[in-house]
Amino acid sequence: MTTSFARRTALRGFAVAVMAASSLAAFSAHADTPAVLRVSAIPDEAPTELQRKFKPLGEYLSQATGMKVVFTPVSDYAAVVESLATKKLDLAWLGGFTYVQAKIRTNGTAIPIVQRAEDAVFTSKFITADPAIKTLADLKGKTFAFGSPSSTSGSLMPRFFLQQDGLNPEKDFKTVAYSGAHDATVAFVAAGKADAGVLNTSVWDKLVETKKVDPSKVRVFATTPTYFDYNWTVRGDLDPVIVKKLTAAFLALDPTNPEHKAIMDLQRASKFVATESKNYDGIEAAGKSAGLLK
């Protein structure tokens, strides 16, 4: 009896120990940082280009956080906002307008952490291959291409500045089209699918530098005033330790370091700086003015 009782007692003790160990392991797994950092970006350029641009940055962020970084391209701007809101993404490259949409969709919890220095003074370029178009006023009666409807630099802010110049695209232009991306807008204009169009300055400069557009045929005829644009945003309930590591990693990028410079050149950034939600109040006001936000 004594031996049997002792055996049962020992077995019960072993079972309790196993359960305790399992509970501790489960708690530890939950408490640890996620093994994978899920990242995406608004599709303002071709998916292959977005992947090429992000690859070295993803490797750098993986080293900085100790996490596996997975970049997943999406089909449209809304998908990035929705994926951030439904916690399918941890970090996203957003335009100013898509950040505002994400802020609204997440009830203000999405957090912009950094932007390029260039994003504080961003502009858009109006382009054409039509020699008769020299000013914005010459767009009356012409066909015109924006980028994506949710694009800050390819739609919202150019539309806002057109309206300030007394032009209503839907009333004053012959037709209005949406190409879906900045490089696609250039292709539209170059192919004669639109008399004119608008895209962000950074993509235009890159296309000129890489000789993917001939500026003697497709030319810039107007530039918008400056505004805040792109940023890297995290979902609001991401582990603060990870947020701190990500922010520090971006701010530590140094153009005098050759490896860092290669990353920054692909991102077209002279440096990254901290940002905050209030920087995009002007974008939100423009969205409401255009009737694109409630």
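Me: Which residue's side chain does a polar contact of 2.8 Å join to that of Asp 119?
Reply: This is a predicted model, where local features need pLDDT of at least 70, side-chain atom pairs count only at pLDDT 80 or more, and totals for chains, interfaces and linings use all residues. Residues are numbered from 1 along each chain as its sequence is written, and side-chain values use heavy atoms, with hydrogens and water left out. A polar contact is a pair of N or O atoms within 3.5 Å; within protein, one must be able to donate a hydrogen and the other to accept it, and residues adjacent in sequence count only if both atoms are side-chain atoms. The side chain that meets Asp 119 at 2.8 Å belongs to Arg 116.

Me: Is Asp 119 buried or exposed?
Reply: Buried means under 20% relative accessible area, exposed over 50%, and partly exposed in between, using a 1.4 Å probe and protein chains only. Asp 119 has 0% relative accessibility, so it counts as buried.

Me: Which backbone nitrogen does the side chain of Asp 119 reach at 3.5 Å?
Reply: Contact means heavy atoms within 4.5 Å, and beyond four places in sequence Asp 119 has contacts including Trp 93 and Phe 228. The backbone nitrogen reached at 3.5 Å is that of Tyr 230.

Me: Which residue in β10 stands opposite Trp 93?
Reply: Strands (E, at least two residues) are DSSP runs, numbered from the N terminus, and two of them pair if DSSP finds at least two bridges between them. Here 4 bridges join β3 (91–94) to β10 (231–234), and these strands run antiparallel. Opposite Trp 93 stands Trp 232.
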